[in-house]
Amino acid sequence: MKSILSKYAIILMIVIFPFFLKGQNITIKGSLKDSTNLSIAGANILVISAFDSLHTVSDENGLFQFNKDNYAPFQLKISALGYSPLTRNFEPPTNVSTYIIPAILLTSSYHLLKEVVIKGKKSVAILRGDTIEYNINQFKLKGNAVLNDLLKRLPGLIVNADGSITFMGKSISQIRINGQDYPLKNVQALINVLSIEMLEKIQLIDDYGEIARITGRKDGEAKPIISIETQNTVKRNQQFKIKIGLGNKDRYLLSPVRTDITPSQQFFISGNSNNIGSGFDNTTNNANISLVKTKKKLSIRIITTWDKSKIKNEVEQFVQMETNSGKQYINSNSKNYLSTNAFAINTGFDYKFNKQSILGFNIRSGLNSNNSQNFFAASQSGLQTVMQQQNNYYEEKTPYLANSSYFVHKFNKTGRVFTIREYLNYQTVNSNTVNDNKLQFTYADGSSKDSILKQKIVPKTQNFILDIQSSWIEPINNYSDVEIKYNLNQLNNHYSQKTYYEYSNQKLELIDSLTNAYKNKTTQNEISASYKITSKKIELILGGKLLLYKINNKISAQKNYKTIGNIWFPLLRLQMQTGQSSMIVISTNSTVEYPNNQQSQLIPNRTNIQFPIFGNPNLKAESNNAINLEFRHTGINIVLLNIKTNLIKNQIVTNTVVYEDSSNNIINETHYLNLNGNYSFNLNGGISRSLKEGRYMLSWDFSSSLKHSNIYMNYIQKETNNLIFNSIIKSGFFPNWAELNASINYTYNRNRYLVTTNNIINFSTWNFQLNGKFFISKNWAIEFDYQKQINQGLNSSITANPITLNAAIERKIFKDKITCRLEGQNILNQVSNLTQTISSNSITQTRTNLIGSFYLFSVVLDLKKVRYSN
């Protein structure tokens, strides 16, 4: 009997005890780390207990928390892209209101693959969702190597000579350092001094904006960002580096850099003053100051930039235009003088109220000034023969003020999120142009006529942009949710232009027929809804958005043009992990372009009497629908492939009307209208392999685009097709005694015009480059850079096959703190650079004069101080 009573008592306690636990709230907190002690963001966490099931997601710092109304034991099931799933059981104590789980370690699923399949060979990079994380230890660099040396070795990245960086055909404009974003141009000096010994992690991230980083909702087209994290064992990293150089032809260089990085502060200051740019006679002066301080919940940033430059160059240009009446050729020579001065200050903060709410605020203001003078001489042939001489003077000042802010709140109900973002921008463009234009027309009978016109043009533009976006995310279950989003965008544009005739005594007379003033207001309302479901290997977003717009062009109360329209876009994003180290993403992206001032102006612009421009105030919005297919694979080989298709609806195209005026002069009028049927295909990809711990490197990057365009000639529709193919093969050899790089770059450009006949124009370029650095001894090194360009298909007046050669010798002294360097730039005195641009009915080939050869002796002082934490 006692045993029976004991059994019933035990059963009764098991049944009743949980009811004593219910009604007592407890907060559970925890964090996720990987094997390198780095935080794991975006992991799905399923909480299972006897009474309820919850779902949460780790934030950008790898932290998670949830609230329970009982102390019953629970189970966590954790899954994250790139990591093996994990199940853990926990039993919280009954006498606490907050239970902190010790850090949970997730094992990279890639490591399992490495041990089983790759048989111990180490990967160059690891794929974590849509982020590529490079294995820094796989790249063997010299002890004094800096971040820029590492970036040049990373597969998939292309670091150009001017410091710009591209990935898969996209420009990288930002670098994230310890979670803070900086414009690439502001930290160019930093990436040339930051030692790789300080780096903990470097990633290539597809960034969708600050709100997407918090909510995990990805919309639109991602921007590639390089993310860098310094070692958490470094308590403080201070560095001062200055380079001073003097050369022949009055060449000079001064470039100081000062950095101070701690776990709670990032301080950078840099300056640059030189006249050794690639242009004919350029001077550059700039300064940047960046300060970011983080303390508990608050992060404050102040970034200031100043740029001042002067550019002098000489340009030869050949233009071939296709028209219904025939071809028009223009050969020109110009001397250009440009001076720019820009100052900007950017300040803001991010404040985390708690784990659920965050507020961000940013304000940016500045002033841009430009002054230019142009001396232009041209000869036109084909449809008509014209000799032209023109002197232009232009000045512009643009003050601006912009503000952006966002707020994100995560509710107690896991997965429910509210976001709001706003952006304001006001700027005024004040400009002043003086044109002194002389034309001489020659007719078929040998007679000629002169036309002399001196004008002063004073345009003014005022722009105000308002953009507000709000969204609500509502969870459906542990793995899916719905997002409703609303966006209001408004652009107010006031434009005016006064044109004066200037007499020889400098007296001005207003020309009413060339004076223009109107207002443009574009309002866009966008509503979207999407459904998201997430599993271990798949993330799917399905939905659609409806865009309502109104364009209002107004010159007076009597002349008011309104265009109202609506556009529907599908939303699709499917991300699949097809293997332990590979991923496929299928997505749609849609954008809208509205007519600009020139395209929608109400009064014709006859400033150029040969090429007047007629706007169309009834133009509709242009919509671009894109479908993307992307494949990524990381491991010993890195394989990247992107296929993109664009279909353009209501594209704003030109209608060129060519005719003879009453004086038998050929006039080319430009009109604008909407047209369907334009599309393009783009293919970008590459494969890279690094061997022997980064001592050998081989890569192939390629891109191809096919663009089909429709234009109008004298109101008759015509077709043009443009095919561009580019291929770059690069190899590297990095033994202890040298660093050698070789590359071959081939570009093919085919243009087919169906204007008067089936006209095909082909153009191709070969670029061969070989550069290297030989370490003769511990302190001595020799460096060289050789480039050869071969052009085919250029006009005879432009054709050149330039060769450039740079060389340098350097020595390090005082324990590598001082470097003395003697360098020769453009030793073979190559004085021109070639470019080509394509439009729907014209080809422009340009040769720009370069600086010529010069020699420079420089001294670099590099001081470092690093303190490590215990």
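This is a predicted model: local features need pLDDT of at least 70, side-chain atom pairs count only at pLDDT 80 or more; totals for chains, interfaces and linings use all residues.
Residues are numbered from 1 along each chain as its sequence is written, and side-chain values use heavy atoms, with hydrogens and water left out.

**View 1. An open sheet of six strands with mixed pairing.** The strand order is S9-S10-S16-S17-S14-S15. Strands are DSSP runs (E, at least two residues), numbered from the N terminus, and two of them pair if DSSP finds at least two bridges between them. Strand S9 (125-128) and strand S15 (180-183) form the edges, each pairing on one side only. Neighbouring strands of this sheet are turned by 25° against each other on average, direction ignored; the axes behind such angles are lines fitted to C-alpha atoms, and the angles run from 0 to 180 degrees between N-to-C directions. Within the sheet, strand S16 (residues 199-207) and strand S17 (residues 223-230) run antiparallel and are joined by eight bridges. Asp207 stands opposite Lys223 in S17.

**View 2. An open antiparallel sheet of three strands.** The order is S11-S12-S13, with strand S11 (157-159) and strand S13 (170-172) at the edges, each pairing on one side only. The twist averages 35° from one strand to the next. Strand S12 (residues 165-167) is joined to S13 by three bridges, and these two strands run antiparallel. The bridge partner of Ile165 in S13 is Ile172.

View 3. A hairpin of two residues joins S32 to S33. Strand S32 (residues 560-579) and strand S33 (residues 582-593) run antiparallel and share five bridges; in S33, Ser587 is the bridge partner of Arg573. S33 also pairs with strand S34 (residues 622-633), in the antiparallel sense, over twelve bridges.

**View 4. The largest nonpolar core, with 42 residues.** Such a core is a set of buried Ala, Val, Leu, Ile, Met, Phe, Trp, Tyr and Cys residues joined through side-chain atoms within 4.5 Å, where buried means under 20% relative accessible area (1.4 Å probe, protein chains only). Among the residues with the most contacts inside this core are Tyr134, Leu157 and Ile226. Beyond its neighbours within four places in sequence, Leu157 is in contact (heavy atoms within 4.5 Å) with residues including Tyr134, Ile165, Ile172, Ile226 and Lys730. A second, separate core of 20 residues includes Ile26, Ile28, Tyr71 and Ile104.

Definitions and conventions
Helices (H or I, at least four residues) and strands (E, at least two) are DSSP runs, numbered from the N terminus. Buried means under 20% relative accessible area, exposed over 50%, partly exposed in between (1.4 Å probe, protein chains only).
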